[in-house]
Amino acid sequence: MAFLRATPARRPVHGLLVAAATFALAGCETTTNLMTKQGTGAAEIDSASTEAHEANLASLNDVVRRNPNSAEPYNTRGVAYARIGKFQEAIADFNQSIKISPDNAAALTNRALAYRQVNRNDAALSDFNRAIAVDPNHAPAYLGRANLLRAQGNLSDARADLDQAIKLNPESAQAFHARGLIYQREGNHAQAITDFDNAIDRNPFAGPPYQARGQSLLAIGKPDKAIEDFNAALNVDNKNADAWAGLGLAYEKSGNRAKALESYQRALVFDPNNQLAKDGAARAARS
């Protein structure tokens with residue numbers, strides 16, 4: 001599980017020129033037996049060049065030095081650290097931001113997401129709760145808490161949080177995707193597909209909603225449409241072993257054994273331990 005790019009908050013905190021930044025946690029947890037990995041996932045850590053990150057951090061260090069009593073520069077630098085996987089440094093900056101401004105919902109949410117990265121889920125839940133208490137309209141806190149609750153198996157409370165996140169931010173592709181995963185886990189594939197449709201409408205360039213929708217389409221007996229979705233997911237990331245395995249299963253269910261075997265084999269190139277691909281390749285080889 002890793003952070004997406006940071007996104008600016010809708011309004012500055014305490015009138016600062018530096019916009020508040022909040023991580024957007026994606027909901028790409030796989031929830032059915034079609035996929036083998038059960039992460040709590042989000043998109044990859046930012047892959048920009050080392051030089052670009054160093055230049056950005058140098059600039060942010062200068063802002064912090066010039067504004068040592070301002071909460072927002074620490075929050076913004078914390079986001080930058082988290083984007084490159086330096087979560088302890090990020091937490092230290094979020095700590096300082098919260099010390100200066102205890103009611104900063106963005107910094108509380110960011111610290112919660114960073115705590116999740118270092119397996120401090122109790123601390124993360126506490127921060128999500130606190131962020132919502134100080135700002136009941138802060139949609140990212142509901143989304144982050146929902147993803148944590150979902151990972152812990154508390155689907156009812158997670159869905160309630162996602163309902164609220166969507167009410168506050170109807171354009172949140174991540175919230176629709178995350179809620180679709182809950183419906184999918186519960187076997188309500190029709191509602192899951194509707195939520196995945198909404199996620200894709202809002203962000204057609206993210207792969208996980210296509211992959212998730214492909215799973216639900218397979219579950220309701222529509223392998224041809226599932227093939228389209230798994231291919232769309234692979235257009236985003238052609239090294240995604242789970243998407244290759246899902247594509248193999250979709251081809252297998254549509255009766256195309258040759259394409260199924262080819263897809264399973266591609267999955268095994270990227271993940272030799274992918275059980276779905278291993279089982280599927282064995283079936284295809286026997287037929």
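Trainee: Which residues have the most contacts inside the largest nonpolar core?
Mentor: Leu 218, Ala 226, Phe 230, Leu 247, Ala 250 and Tyr 264 do, in a core of 24 residues. This is a predicted model, where local features need pLDDT of at least 70, side-chain atom pairs count only at pLDDT 80 or more, and totals for chains, interfaces and linings use all residues. Residues are numbered from 1 along each chain as its sequence is written, and side-chain values use heavy atoms, leaving out hydrogens and water.

Trainee: What makes a set of residues a nonpolar core?
Mentor: The members are buried Ala, Val, Leu, Ile, Met, Phe, Trp, Tyr and Cys residues joined through side-chain atoms within 4.5 Å; buried means under 20% relative accessible area (1.4 Å probe, protein chains only).

Trainee: Which helix supplies the largest share of this core?
Mentor: H12, with seven residues.

Trainee: What does Ala 226 touch?
Mentor: Leaving aside residues up to four places away in sequence, Ala 226 touches Gly 214, Leu 217, Leu 218 and Ala 250, with contact meaning heavy atoms within 4.5 Å.
A second, separate core of 22 residues includes Leu 108, Ala 141, Ala 146 and Leu 155.

Trainee: At what angle do the axes of H4 and H6 cross?
Mentor: The axes of H4 (residues 105–117) and H6 (residues 139–151) cross at roughly 25 degrees and come within 9 Å. Angles under 35 degrees count as roughly parallel, so H4 is roughly parallel to H6.

Trainee: Which residues of H4 meet H6?
Mentor: Thr 109, Leu 113 and Arg 116 in H4 do, and their partners in H6 include Pro 140, Ala 141 and Gly 144.

How values were computed: Axes fitted to C-alpha atoms, helices over the stretch in contact; angles between N-to-C directions. Helix = DSSP H or I, 4+ residues; strand = E, 2+ residues; numbered from the N terminus. Parallel < 35°, antiparallel > 145°, perpendicular 65-115°, else oblique. Buried < 20%, exposed > 50% of the residue type's maximum accessible area, 1.4 Å probe, protein only.
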